[in-house]
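These are my notebook entries on one structure. I set down what I looked up, step by step.

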Amino acid sequence: MGVNRDLKKATEAYWAGKVPQDDLVAEGKRLRLEHWKIQKDAGIDIIPSNDFAFYDHVLDHIQLFGVVPERYTKNNLTPLDQYFAMGRGLQRPATDSTPAVDVPALEMVKWFDSNYHYVKPTLQDNQTFKLASNPKPVADFLEAKEAGIITRPVLLGPVSFLHLGKADRGHSIEPISALDKLLPLYQDLLKQLKEAGAETVQIDEPILVFDLPKRVKDAFKPAYEKLGSLGSSAPKIVLATYFGDIVHNIDVLDYLKGVYAIHVDLVRNPEQFETVAAALGPQQVLSAGVVDGRNIWKTNFKRAIEIVEGAVQKLGKDRVIVASSSSLLHTPHTLASEKKLDPEIADWFSFACEKAKELAIIAKAVTEGPASVRDALEANAKSMQARASSSRTNDQAVKERQSKVTPELHERKSPFPIRISEQQKRLNLPLFPTTTIGSFPQTKDIRVHRNKFTKGEITAEEYEKFIEKEIEMVVKVQEELDLDVFVHGEPERNDMVQYFGERLNGYAFTTHGWVQSYGSRCVRPPIVVGDISRPAPMTVKESKYAASISPKPMKGMLTGPITCLRWSFPRDDVHQSVQAQQLALALRDEVVDLEKAGIYVIQVDEPALREGLPLRSGKERTDYLKWAVDSFRLATAGVEDGTQIHSHFCYSEFQDFFYAIAALDADVLSIENSKSDAKLLKVFVDEAYPRHIGPGVYDIHSPRVPSEQEIRDRIAEMLQYLKPDQLWIDPDCGLKTRQWKETKAALTNMVNAAKFFRTQYSK
Ligand code: MET
Ligand SMILES: [Zn+2]
């Protein structure tokens, strides 16, 4: 993205029509050159190219191989506009000379278990491929060469490219079946790269960390026989995997004897070293990923050097490359931008630029001996020591409290049937109760006031008054809409994780620590640096105020422990389950305090629970689900039977881990369902799910207002699967990204639809 999110700014300016395409292209070129130079100056020997993308690197390959559905090619767009149309959709009115364009984006999904998203290759029956003229990997290589830097181009491998794809709507092709047709293009590309002067190429096959169907696993054989068969007319191949271990797919290495090197992630899975080293051919090189590409912690040199030395001992020094575990896309740019970080803590971090330097130091320590980098090693050891013993990382009171957590703390007082009748006595809700998921529109006015407050231009009291007025307005709107369970609207929250991080001990924040989430969208995750605790209530004031101005039940809103953890950079020195438990204990206190303040409906959101699911099924997953569920229960089980616990998930496809969702024991679940098939709700029937559910009745990601009839149809469909007294009526997710106008219109229709069914069923 560049040190100041330069690419985001340039891209968005281009999209807004403020700068011509040439400017954006030139900015891309400037950034690539800058990033190659940073690596060169850091002392990196092998510098990658073709790792830059205007939107997403998988989308680059979609265009490179011509896997572009006709709906994007027929509008006479420039190649770059066609590319953006696939990434983000394109809606453009007709002009005198051009017809109107209205194409949705290709599907975008999470890249493995990271917070980055990629565009899915979308294949049609009888898919054909065509290599782009002047292919980008070749052009990028030549661009670097011209600047005097010989790079190693990076490609996404053919098996991963296909396996990560899907059949287009109305088609049934199994993507991997197109391999034979795709391979000649890779061969052609490799030859062109060689002609351009590339001696080696990195081919990523990250799907090797998954459990693979046999057919996909077998596809590695023809793929790498073909690519290996080119001999000296193609660059030598470094085959890269990351984000997991490949031990369960180790037999695939038999098919890879023609490749020059194998890269593995030894940060996540150092234990795979032995198995991988043993499976290498006699000449094959190991690229050892020893610097974490996905987190912000300074590398422990001692440990990394030990791993590299072990590899050298086993394989010989000509057969080891020192590398980051994955690409550095997932870490912020440079620590040098952080002017506000406490120096004690800043000394523990290493962002992308710093990690590049670390790599050079580790390699030097091994090849030239520790004396050659003595100062760096000493400083590193000191920093490790300081972090391990700092009072910022260790809080005895937190550890003490954790040691006293018992199984009983995870249990509500009574089972659901008793609880729900207690709750009903207190809340007195009608059939098909209506509610929202928490946030109401975050207007410009809110952002302006928050900024002024952060900058000290208005006082805390002034800001607080402003927030109270917002809450009053939100409450009044809900009264007018005649909703049943109210929310305060979350106007005081900048972000659902950052807000809590800022109120907890154990967190640190950056000013420039942006990482790409998708396209031009970046996030700035908070960092868990130490043991987490709650010095004071975090949300009680706002919820209590909201409750005081309306007789309707007010729902307290919290972000759950797993989501707080997943959307932060976690610690790497204690297990994530320990961090989740600390968050859970802090939230438990908040839940109890809310109850004491008279808030008898409390929602604990866990939209990130699913993305934390380990990549492979089996024990890892079961273990994760165990501690994830435990932390939710620990956070919520401290209340009386009559207090109703809600939870919210922004997904509904949880067929394969439904037992864990059920085990949360939440009284009411709200899930995203408006875009999915109501059939997904069948799992609730099959599992005889006894508790309450609100499967979102309309999509909040679009400004479109659903009609009352549309919502009625949706509810009728849901009633095929769910019992009437189990069904809540709510939108898909929070409304913070919406405008007020469409929000009121949509909620009016939603409440009327609920009332319609209420009369139907009370007859
Ligand atoms: C991504 S889930 C968001 C839930 C949160 N309570 C909101 O309404 O914004
Ligand atoms: Zn949501």
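**Entry 1: The nonpolar core**

I began with the largest nonpolar core, which holds 188 residues; Ile262, Ala288, Val290, Val308, Ile362 and Met750 touch the most other members. I then looked up which helix gives the most to this core, and found helix α13, residues 352–368, with nine residues. Leaving aside neighbours within four places in sequence, Ala288 is in contact with Leu266, Ile307, Val308, Ala311, Val320, Ile321, Val322 and Ala323.

**Entry 2: Confidence**

I noted that this is a predicted model. The protein chain averages a pLDDT of 96, and 100% of the residues score at least 70. For the complex, the predictor gives an ipTM of 0.99 and a pTM of 0.93.

**Entry 3: The recorded binding site**

I consulted UniProt, where an unreviewed entry lists Ile437, Gly438, Ser439, Glu490 and Asp605 under "binding site". These residues are spread over 169 residues of sequence, yet they cluster in space, with a largest C-alpha distance of 13.1 Å.

I examined Ile437 and Gly438 in turn. Ile437 is found in the loop between α16 (416–427) and α17 (444–454), and Gly438 is found in the loop between α16 and α17 as well. Is Ile437 buried or exposed? I recorded Ile437 as buried, because 26 other C-beta atoms lie within 10 Å and 20 or more are needed for that label. Gly438 also counts as buried, because it has 25 C-beta neighbours inside 10 Å.

I next listed contacts, not counting residues up to four places away in sequence. Ile437 touches His648, Ser670, Asp730, Pro731, Cys733 and Gly734. Gly438 touches Val487, Glu490, Met557, Gln603 and Gly734.

**Entry 4: The shell of ligand 1**

Which residues surround ligand 1? I found Ile437, Gly438, Ser439, Met496, Met557, Asp605, Pro607, His648, Cys650, Cys733, Gly734 and Lys736. By class, this shell has six nonpolar, four polar and two charged residues.

**Entry 5: His171**

Lastly, I looked up His171, which lies in the loop between β8 (166–167) and α8 (179–196). His171 is partly exposed, because 14 other C-beta atoms lie within 10 Å, a count between the limits of 12 for exposed and 20 for buried. Leaving aside neighbours within four places in sequence, His171 is in contact with Gln124 and Asp125. I also checked His171 against Lys221: the two are 50 residues apart in sequence and 27 Å apart in space, C-alpha to C-alpha.

Definitions and conventions:
Residues are numbered from 1 along each chain as its sequence is written. Chains are lettered from A and ligands numbered from 1 in the order in which they are written. This is a predicted model: local features need pLDDT of at least 70, side-chain atom pairs count only at pLDDT 80 or more; totals for chains, interfaces and linings use all residues. UniProt positions are given in the numbering used here, feature names are shortened, and annotations may be inferred rather than shown by experiment. Helices (H or I, at least four residues) and strands (E, at least two) are DSSP runs, numbered from the N terminus. Two residues are in contact if their C-beta atoms, placed from the backbone, lie within 7 Å. pLDDT is the predictor's confidence in each residue, from 0 to 100. A residue is near a molecule or strand if its C-beta atom, placed from the backbone, lies within 6 Å of it. Ala, Val, Leu, Ile, Met, Phe, Trp, Tyr, Cys and Pro count as nonpolar, Asp, Glu, Lys and Arg as charged, and the others, Gly among them, as polar. A nonpolar core is a set of buried Ala, Val, Leu, Ile, Met, Phe, Trp, Tyr and Cys residues joined through C-beta atoms within 7 Å.
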